[in-house]
Amino acid sequence: MKKGKQLFLLIAFLFISINIKAAIHIIQVGVSNALTFSPNSITTVVVGDVIRWQWVSGTHTTFSGTIPSGAASWNNPISSTSLTFDYAVTQAGSYAYQCGPHGGSGMTGTFTASTATDIVDN
């Protein structure tokens, strides 16, 4: 491959890499003083995205239940003093989480992460 073409491909790769950004999926916690995560299910997550739990009302937690092998577990408060918690998704698969004090009352949620689709050079 000629040096000019290699340089062009390198610059194109860097340009594409710099412009790819992870999505942030926001889950509201305690909407309308209810014991809910909203939304409580997300299916459009891609490895590299961030799940952000954002406090609305009450005193809650988010902690991991069932998660894919190799994924990091979490257990964080969500309250008027801990307004958000961000979780970077590193493994594809199904994730289940709940609020510690209110999980038995149905305050649970899930998200499913897939791997990013490769770009194919034709």
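In strand β8 (residues 93–98), Gln98 stands opposite Phe63. Strands here are DSSP runs of E with at least two residues, numbered from the N terminus, and two strands pair if DSSP finds at least two bridges between them. The strands β5 and β8 run antiparallel and are joined by two bridges. The model is predicted, so that local features need pLDDT of at least 70 and side-chain atom pairs count only at pLDDT 80 or more, whereas totals for chains, interfaces and linings use all residues. Residues are numbered from 1 along each chain as its sequence is written, and side-chain values use heavy atoms, with hydrogens and water left out.

An open sheet of mixed pairing is formed by five strands in the order β3-β9-β8-β5-β6. Because β3 (41–46) and β6 stand at the edges with a single partner strand each, one side of each is left without a neighbour in the sheet.

Rings of Phe, Tyr and Trp (its six-membered ring) pair if their centres lie within 6.5 Å, and planes under 30 degrees apart count as stacked, over 60 as edge-to-face and the rest as tilted; by this rule there are nine aromatic pairs. The pair of Trp74 and Phe111 is stacked, because the ring centres are 6.4 Å apart and the planes stand at 25 degrees. Since Trp74 lies in the loop between β5 (60–64) and β6 (75–78) and Phe111 in strand β9 (residues 108–114), this pair ties together parts that are 37 residues apart in sequence. Both residues, Trp74 and Phe111, are buried, that is, under 20% relative accessible area (1.4 Å probe, protein chains only). Tyr95 and Phe111 are likewise stacked, because their ring centres are 4.4 Å apart and their planes at 15 degrees.

How values were computed: Helices (H or I, at least four residues) and strands (E, at least two) are DSSP runs, numbered from the N terminus. Buried means under 20% relative accessible area, exposed over 50%, partly exposed in between (1.4 Å probe, protein chains only).
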